[in-house]
Amino acid sequence: MTFELTEIDHVGIAVDDLEAATERYRRLLGVEPSHRERVDDQGVDEVLFAIGPSYLQLLGALGPETPVGRSLAVRGPGLHHVAYRVDDVGAALAHLREEGARLVDEVPRRGSRDTLIAFVHPHAMGGVLVELVQER
Ligand code: CO
């Protein structure tokens, strides 16, 4: 293998109301937001809570015609994707392509926290939308 999964990077949860959800997580789980960012090309506002080496990610849609907006309309709020941290997202994508896995992103793009990311289609991952994250 030319790459390695090193940690769970984050679990992404789609929410209707980002401020209310952030407050609820803070109140119920005693966690404080460690990062907020608007990622325009993904159409989301996100709040991250650091949990050990990983994050819990709350995702609010910037509009109904965004990926998270469509997911909220079809499935409602809830688990949206699981992100694995890898040491080389380009190598991971090349391997997945070689294996015939269906990809959402053919090439890595910029994610929040200035990471490099790529999404893998749920069809390839047992019904779970998977994101690969490389820190840099
Ligand atoms: Co994510």
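Which protein donors hold the cobalt ion, and how far from it do they lie? This tour of a predicted model, in which local features need pLDDT of at least 70, side-chain atom pairs count only at pLDDT 80 or more, and totals for chains, interfaces and linings use all residues, starts there. Residues are numbered from 1 along each chain as its sequence is written, and side-chain values use heavy atoms, with hydrogens and water left out.

**The cobalt ion**

Select the cobalt ion together with His10 (NE2), His81 (NE2) and Glu131 (OE), its protein donors, which lie 2.0 to 2.1 Å from it. Donors are N, O and S atoms within 2.8 Å of the metal (3.2 Å for Na, K and Ca); water is not among the atoms, so sites may look incomplete. Along the chain the donors follow the spacing H-x70-H-x49-E. Histidine 81 belongs to strand 5 and glutamate 131 to strand 8 (residues 130-134), so this pair ties together parts that are 50 residues apart in sequence. Helices (H or I, at least four residues) and strands (E, at least two) are DSSP runs, numbered from the N terminus. Histidine 81 and glutamate 131 are both buried, that is, under 20% relative accessible area with a 1.4 Å probe and protein chains only.

Next, display the strands: eight of them form an open sheet in the order 2-3-4-1-5-8-7-6, with mixed pairing. Two strands pair if DSSP finds at least two bridges between them. At the edges are strand 2 (33-39) and strand 6 (109-110), each pairing on one side only.

Now select strand 1 (residues 5-15) and strand 5 (residues 78-86), which pair in the antiparallel sense over eight bridges. Valine 11 stands opposite valine 82, and isoleucine 8 has tyrosine 84 as its bridge partner. With strand 4, strand 1 pairs in the parallel sense over six bridges; here valine 15 stands opposite glycine 60.

**The largest pocket**

Finally, select Pro67, His80, His81, Phe119 and Leu129, which lie nearest the centre of the largest pocket among its 33 lining residues. A pocket is an open set of points on a 1 Å grid over the protein atoms alone, where a 1.4 Å probe fits, with protein on both sides within 12 Å along at least five of seven lines; lining residues have an atom within 4 Å of a point. The space in this pocket is about 580 Å³, a volume filled by probe spheres set on the points, which are joined across faces, edges and corners. Helix 2 gives the most to the lining, with five residues.

Key: Buried < 20%, exposed > 50% of the residue type's maximum accessible area, 1.4 Å probe, protein only.
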